[in-house]
Amino acid sequence: MPAYRFSTTWVLEADRELVWDAIYDSDSWPEWWRGVTKTERLAEGDASGVGQRGAYHWRARLPYTVRFEIASTLVDRPYRLGGDASGELAGTGFWRFYEEAGTTAVVYDWNVRTTKAWMNLVAPVAKPIFRANHDWVMHNGGEGLAKLLGAKLLLND
């Protein structure tokens, strides 16, 4: 199955705690993150949030909604957040948060593989399109997060 490795960096003039809270609250993503069409909490997890499970529906430029679940495996507030994905995408995602003088850098690493037969079949030709779709969604996330927080977005890469 084709594997994809993506890394996204956002730098915002915002407090790390506020950035962390917005990203940790994935239930509210559809309100501010263009491309996230639906989220659903499936399990709460332990007191720290480890084991929390959610279902996510994403739609970018391609006329197709990608659906997967994420179970949190790491919750280290406000420094790191990670989880395992299953469903139409399977793999891992990890957020890291760094702050200096009121500016927060967010780095997201998404290492997944597609599980749908049609995605795997077209991957040799469509891989650049899948990458562009991912980049579009993540770019929208940086812009939406900045708008939500009333913060200046310094880097959206």
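How many cavities of 30 Å³ or more does a search of the whole structure find? The search finds one, where a cavity is a set of points on a 1 Å grid over the protein atoms alone at which a 1.4 Å probe fits but cannot get out. The model is predicted, so local features need pLDDT of at least 70 and side-chain atom pairs count only at pLDDT 80 or more, while totals for chains, interfaces and linings use all residues. Residues are numbered from 1 along each chain as its sequence is written, and side-chain values use heavy atoms, with hydrogens and water left out.

- The largest cavity holds about 710 Å³ of space, a volume being the space filled by probe spheres set on grid points that are joined across faces, edges and corners.
- Its lining is made up of 38 residues, and Trp58, Phe68, Leu89, Tyr108 and Trp110 are the closest to its centre; a lining residue has an atom within 4 Å of a point.
- At least two lining residues each come from strand 1 (3–12), helix 1, strand 3 (53–59), strand 4 (65–76), strand 5 (80–87), strand 6 (89–100), strand 7 (103–114) and helix 3, with helices (H or I, at least four residues) and strands (E, at least two) taken as DSSP runs numbered from the N terminus.
- Helix 3 gives the largest share of this lining, seven residues.
- By class, the lining has 26 nonpolar, 11 polar and one charged residues, where Ala, Val, Leu, Ile, Met, Phe, Trp, Tyr, Cys and Pro count as nonpolar, Asp, Glu, Lys and Arg as charged, and the others, Gly among them, as polar.

**Helix 1 and helix 3**

- The axes of helix 1 (residues 16–24) and helix 3 (residues 117–149) come within 11 Å and cross at roughly 120°, which makes helix 1 oblique to helix 3; angles under 35 degrees count as roughly parallel, over 145 as roughly antiparallel, 65 to 115 as roughly perpendicular and the rest as oblique.
- Leu18, Val19, Ala22 and Ile23 of helix 1 meet Leu145, Leu148 and Leu149 of helix 3, contact meaning heavy atoms within 4.5 Å.
- The residues of this contact comprise seven nonpolar, no polar and no charged.

**Backbone features in loops**

- Most residues other than glycine have a negative phi, and most peptide bonds are trans.
- The peptide bond from Arg77 to Pro78 is cis, with omega near -5°, and Pro78 sits in the loop between strand 4 and strand 5.
- Ala101, in the loop between strand 6 and strand 7, has a positive phi of about 50° although it is not a glycine.

Notes:
Axes are lines fitted to C-alpha atoms, for helices over the stretch in contact, and angles run from 0 to 180 degrees between N-to-C directions. On a 1 Å grid over the protein atoms alone, a cavity is a set of points where a 1.4 Å probe fits but cannot get out, and a pocket is an open set with protein on both sides within 12 Å along at least five of seven lines; lining residues have an atom within 4 Å of a point.
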